[in-house]
Amino acid sequence: MSELQLVQILSPEGELLTDPEYPLDISTEEIRALYRDLVMVRRFDVEATALQRQGELGLWAQSLGQEAAQVGSGRALIPGDYAFPTYREHGVAWAKGVPPEKLLGMYRGINHGGWNPHDNDFHLYTLVIGAQTLHATGYAMGIQRDKSNNAVIAYFGDGATSQGDVNEAFTYASVYHAPVVFFCQNNQWAISQPIESQTKVALYKRAAGFGFPGVRVDGNDVLAVLAVTRAALARARAGEGPTLIEAFTYRMGAHTTSDDPSRYRLAQELDEWKLKDPIARVKSYLTRSSLANEEFFAGIEKEAEAMASKLRSDIVDAEDPYVEAIFDHVYAEPHPILDAEKSAYINYLESFTEGEKK
Amino acid sequence: MITLGKAINMGLRRALTEDPKVLVMGEDVGKLGGVFRVTENLQSEFGEDRIIDTPLAESGILGTAIGLALRGYRPVCEIQFDGFVYPAFDQITSQLAKMHARSLGTLKLPVVVRIPYGGGIGAVEHHSESNETYFAHTAGLRVVTCSNPNDAYWMMQQAIQSDDPVIFFEPKRRYWDKAEVNEEAPSLGLHETRTVQEGSDLTLISYGPTVRTAIEVAAVCSKEGRSVEVMDLRTLSPLDLAPVFESAQKTGRVVILHEAPTFLGLGAEIASQITEECFYSLDAPVLRVGGFNVPYPPARLEEHYLPDLDRTLDAIDRAFAF
């Protein structure tokens, strides 16, 4: 795939490059902030994985290895830009300011999505593969009608590109020039299936068939992802329509904690990708350019440990939902049949309590 | 006198006029005015941004409607024919229906899905189905159907005003039925069953396209000395069965008539509930008349499939034989 485009600004060795098409105006302070984001997001993911292993979560979908793709694109968004995630966009949620413990609710079985999407312009996680790309496109059509200056970003994976909904979203966004950025994290694996089983062409090239630009970026390069996503968002805001970004990255963990990648891929592949780690290259750049010292790195490690510790206590102490929650919120407006079912069940439960009292 | 199709058009126009957030979207709904002309002239009046001709992809219609609703719009989606709704099934049942619940009540999805349904127009395959049960079986959706122009006019507006998703089934073979429409005020709420005509010997329950059949059945029965009470359910989810129970307790005999296959159809649910609520009042088991449990047949056989006057009279005879 060497002939294929790959936008890169920070090499795996931590060398700062320039791409004339994607100039990046960024301060040292901003790069240091991105480094902090990456470390915090990885620490969050490590803690959540540990919580699952200890039985505190029923399942966890790791973002390990995809931090740069998520943080870089998430930090390209401005207030009012709406993000539609899959179930793995913990780094985008972090960038959007969603309280980390909220992301664990559905994995603990407390709820199906425990945050108010409008608080942070970050939609609920969507588990049906690709369905959210249409929601994102529709939301962008709403932005168009409101004549607002915002844009939308739709996240999905390489496997999702095989779904009808994603292809329909491309079509709708294209014909309506909807201000939406399609952000595909190609992490090379859809559970056990390698990218070759989903496509015969590089994913970013698919966009050409729908009539909008596609670009492939080093998904482990937070600076390149930031630059490319900013450019795509600017294009959307200017009324020029959608862009497909293929963030070329790697799922360093399992699909979820229920998965066992050793059954279908070689450990050697993971070792190769470890050399392209999204965090190591930023640290390397900051260190060799003397833009950060040990004190800076230690400070962030300490902050990450505190965040992980709070996450742990928040989720372990989280209250289980009340029984009525099964019935509440199914409908926005009154529903007599559901009300009757609910009160009958509550009465049934109370009949046991009354029995105990006697 | 206004046709049912025109009454829906008037209801849409009024909703579009009263609320700038209301949108109409679907295949051929704009310039053409819909294959049944239900959305005729709306695009010239409200513009292409509000009356949206969509690409030919049903999941796309529903999925983008959900996004528009999240942005504060109230989309009214048209599925061109009943049999074409399945590509959108995930977006309706897994996304639209569940989003309010999974957001713990923070997201409202005021989306209306219009589906012309049922047979009797000599159509080709996939154009004559009665698939309302799939949606009535799905928590989070509301499902309604109209049987006459006045209900069509008002129920469309009420559906659009609902903050919940509403699947609005339109009886396509009744699009050309004419009746008066009272534009002053609705006679019933969206989720209320109507007693179309009173009777004392048997309750005949129906909805949508077969309500007219039920009225014709009652007229024949009347000549035979049998007084039939005719009920139009109007709301399929939630069901409004209190008036049905009252009627069953009065008459002691119930027949349910619908076009959909009887197996696991709405008639089965209603029969079960009547049995639970009215057991000691019944003089006969609740009987059902409906479509057979087969794929909708070719047009030249549809008269055998569609429950008609004679098959309903036969069921009524059986109810009286107990």
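Domain bounds, as used here, come from an automatic or database domain assignment. On that basis, chain B is divided into domain 1 (2-179) and domain 2 (194-321), and their centres, taken over C-alpha atoms, are separated by 27 Å. The structure is a predicted model, in which local features need pLDDT of at least 70 and side-chain atom pairs count only at pLDDT 80 or more, while totals for chains, interfaces and linings use all residues. Residues are numbered from 1 along each chain as its sequence is written, and chains are lettered from A and ligands numbered from 1 in the order in which they are written.

Chain B as a whole contains 12 helices and 14 strands; helices (H or I, at least four residues) and strands (E, at least two) are DSSP runs, numbered from the N terminus. Its C-alpha trace spans about 60 × 45 × 40 Å along the principal axes. Of its 322 residues, 59% count as buried, meaning that 20 or more other C-beta atoms, placed from the backbone, lie within 10 Å of the residue's own.

The two domains of chain B meet through 24 residues of domain 1 and 22 residues of domain 2, where contact requires C-beta atoms, placed from the backbone, to lie within 7 Å. On the side of domain 1 of chain B that touches domain 2 of chain B, helix 6 (132-136), strand 6 (142-145) and strand 7 (166-171) of chain B each supply at least two residues. Strand 6 of chain B provides the largest share of that side, four residues.

A record also describes part of this chain: an unreviewed UniProt entry annotates residues 2-177 of chain B as "domain: Transketolase-like pyrimidine-binding". UniProt positions are given in the numbering used here, feature names are shortened, and annotations may be inferred rather than shown by experiment. The end C-alpha atoms of residues 2-177 of chain B lie 8 Å apart, and the span is 36% helix and 18% strand.

For chain A, the unreviewed UniProt entry places "domain: Dehydrogenase E1 component" at residues 39-307. The end C-alpha atoms of residues 39-307 of chain A lie 11 Å apart, and this span is 45% helix and 12% strand. Helix 2 (residues 67-74) of chain A is mostly covered, with eight of its eight residues buried; among them are A:Glu67, A:Gln70 and A:Val71.

The contact between the chains takes 34 residues from chain A and 35 residues from chain B. Helix 6 of chain A gives the most to the side of chain A that touches chain B, with 11 residues.

Conventions. Buried ≥ 20, exposed ≤ 12 C-beta atoms within 10 Å, placed from the backbone.
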